[in-house]
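Take a walk through this protein chain with the model open beside you.

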Amino acid sequence: MARYLIHRPAIALSEAIPAIGVFMALLLGGCAGPRYLRPDVPVPPSYRGDAMAPGVPDAANRGEPGSLGELRWQDLLRDEELSRLIQEALDHNLDVQIAAARVLEARAQLSVSRSARQPSVNALGSYNNLRAAEDNTNYTNLSVSLGWELDLWGRIRNTSAAARAALLANEQARRLVLETLVSDVADAYFLLRDLDLELEITRHTLKLREDSRDLIQLRVDNGYSSEIDLQQAEVLVRGARTGLTGLELQSEQTENQVAFLLGRNPGPIVRGRSLLEQELAPSLPAGLPSTLLDRRPDIRQAEQQLVGDHALVAVAKAAFFPTISLTATAGMESSALRNLLKTSSGTWFFGPAASLPIFNAGAIQAGVRSAEARRQQSLLAYQKTVQQAFREVADSLAARRKLAELRTQQEGLVESLRQGVDLADLAYKGGVVSYLEYLDSERQLLDAQLLLVRIRREELTNFVALYRALGGGWQ
């Protein structure tokens with residue numbers, strides 16, 4: 001048997017090499033690492049504070065949105081001027097353009113990583129002049145080389161997978177920028193309309209206080225009121241003017257903020273509906289919490305980061321195994337340039353090359369541990385992002401309920417204080433109460449009116465925040 005093996009033709013060994021290579025590729029294919037599976041995260045059966053049904057099947061069957069997160073932002077906001085401003089921001093905001101450029105960069109990086117899976121071809125030309133003693137030799141070379149790394153261990157494949165995950169993460173980051181931009185424009189616009197209403201109330205209050213001060217001045221001149229009443233009236237007038245100046249400053253700065261979000265230089269902003277005329281889409285249920293994992297761009301971005309780091313662990317492990325490449329070179333070489341293109345000057349070379357790490361002081365193992373630690377960080381970041389998403393939805397749902405209650409209560413308080421001011425005015429003119437008591441009731445009414453305006457703005461901004469927390473369709 002031994003003699004038979006020794007005298008077999010050499011061609012048998014060459015036939016066995018491909019089979020051995022295939023066998024080792026199948027045996028060690030596990031070096032590519034286990035397949036990525038989405039990690040299990042605890043998902044509640046429903047959102048805390050969502051008093052409505054988790055879905056509206058009839059609406060879904062009619063092709064209508066069954067939950068708030070399925071609405072388009074154009075259907076959520078009913079102010080035409082606000083919609084126009086949002087569209088302008090989407091077209092010209094610099095953060096959006098930066099995010100889009102990052103997507104293009106990631107797409108190019110993916111193409112670079114995928115190119116490593118294909119053979120590379122290079123052309124080389126050289127001319128050398130060698131002089132030794134009295135001998136002078138010219139040497140000319142013109143060749144084409146081909147190289148191809150065999151991805152037996154999945155290093156190139158997983159590098160490409162990591163680049164693809166980076167591209168998808170950048171796509172989700174761009175969508176997150178869009179969501180943030182739309183909500184920022186809406187919030188700033190609602191604040192601007194809030195300030196407009198506060199300015200209107202404050203100007204009206206200032207006018208009333210100036211009229212009251214002038215009336216008291218007449219009473220003082222005729223001996224019906226004291227200088228103390230006049231002084232108190234002047235204090236209220238100055239206070240209203242100070243408040244008005246502060247509101248005007250805040251309004252102008254908010255206009256500048258909106259202009260910046262729109263990609264403009266600072267300037268005035270055209271208004272649409274007033275704050276009290278704003279209409280939002282009808283209340284819809286929040287939907288199923290399980291759909292949040294696929295709707296929120298920050299969650300999807302965190303998951304793609306995890307996918308990429310999972311692939312990079314396999315890349316780090318592949319460094320333990322040899323790098324095998326096929327190389328070939330063909331060309332012409334001659335000591336005389338005129339003989340370079342002759343058939344006799346042709347040369348060629350073909351052969352495999354392998355590189356196997358033997359000793360590197362534990363650098364490869366440390367690289368694997370580092371990659372596994374990054375993957376663990378990405379996993380924890382993904383879990384944290386999911387928990388944060390559920391918290392944001394629950395907070396917005398709670399605010400939706402309580403702000404509606406608070407607004408109703410504040411409306412009742414404003415109406416009661418308005419009636420109290422009318423009665424105090426009559427009582428003061430009739431000499432029943434002091435001017436100080438009248439001023440106190442008037443001050444309480446102003447504070448209550450301004451608070452009611454702010455509560456209404458908080459309702460609007462919270463509705464937008466809830467829509468964003470649900471991963472609303474900002475397409």
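Contact here means that heavy atoms lie within 4.5 Å. Keep that cut-off in mind for Ser67. The model is a predicted one.

Find Ser67 in the loop between helix H3 (57-61) and helix H4 (73-76). Is Ser67 buried or exposed? Its relative accessibility is 9%. Buried means under 20% relative accessible area, so Ser67 counts as buried. Now look at its partners. Leaving aside neighbours within four places in sequence, Ser67 is in contact with Leu284, Pro285, Ala286 and Gly287.

Step back to the whole chain. Its secondary structure comes to 12 helices and four strands. Of its 475 residues, 38% are buried. Take contacts between residues at least 6 apart in sequence: 82% of them join residues at least 24 apart. The chain exposes about 27,500 Å². Carbon and sulfur atoms supply 57% of that area.

Next, pick out helix H8, residues 227-261. This helix has 35 residues. From its first C-alpha to its last, H8 reaches 51 Å, close to the 51 Å expected at 1.5 Å a residue. Gly263 follows H8, and the phi of Gly263 is positive, near 80°.

Val121, Val144, Leu146 and Trp148 make a nonpolar patch of about 350 Å². Strand S2 (residues 135-150) gives the most to this patch, with three residues. Val144 is found in S2. At 42% relative accessibility, Val144 counts as partly exposed.

Now for charge. Side chains of opposite charge can pair when their charged atoms come close. The whole structure holds 32 salt bridges. One of them joins the side chains of Glu171 and Arg174, at 3.7 Å from N to O. Both residues lie in helix H7 (residues 155-221), three residues apart, about one turn of the helix.

Other bridges span more of the sequence. Asp196 and Arg271 meet in a salt bridge at 2.8 Å, N to O. This pair links distant parts of the chain: Asp196 is in helix H7, and Arg271 is in the loop between H8 and helix H9 (292-295), 75 residues apart. Asp196 is buried, at 17%, whereas Arg271 is partly exposed, at 25%.

Arg407 and Glu459 also meet in a salt bridge, at 2.4 Å, N to O. Arg407 sits in helix H11 (residues 363-429) and Glu459 in helix H12 (residues 435-469), 52 residues apart. Finally, salt bridges that share partners join Glu81, Arg84, Glu88 and Arg264 into one network.

Methods: Residues numbered from 1 in each chain as written. Predicted model: local features only at pLDDT ≥ 70, side-chain atom pairs only at ≥ 80, totals over all residues. Heavy atoms only, no water. Helix = DSSP H or I, 4+ residues; strand = E, 2+ residues; numbered from the N terminus. Expected span 1.5 Å × (residues − 1). Buried < 20%, exposed > 50% of the residue type's maximum accessible area, 1.4 Å probe, protein only. Areas by Shrake-Rupley, 256 points an atom, 1.4 Å probe, with all protein chains shown as cover. Patch = residues over 30% accessible without salt bridge, like charges linked within 9 Å, V, L, I, M, F, W, Y side chains within 5 Å. Salt bridge = Lys/Arg side-chain N within 4 Å of Asp/Glu carboxyl O.
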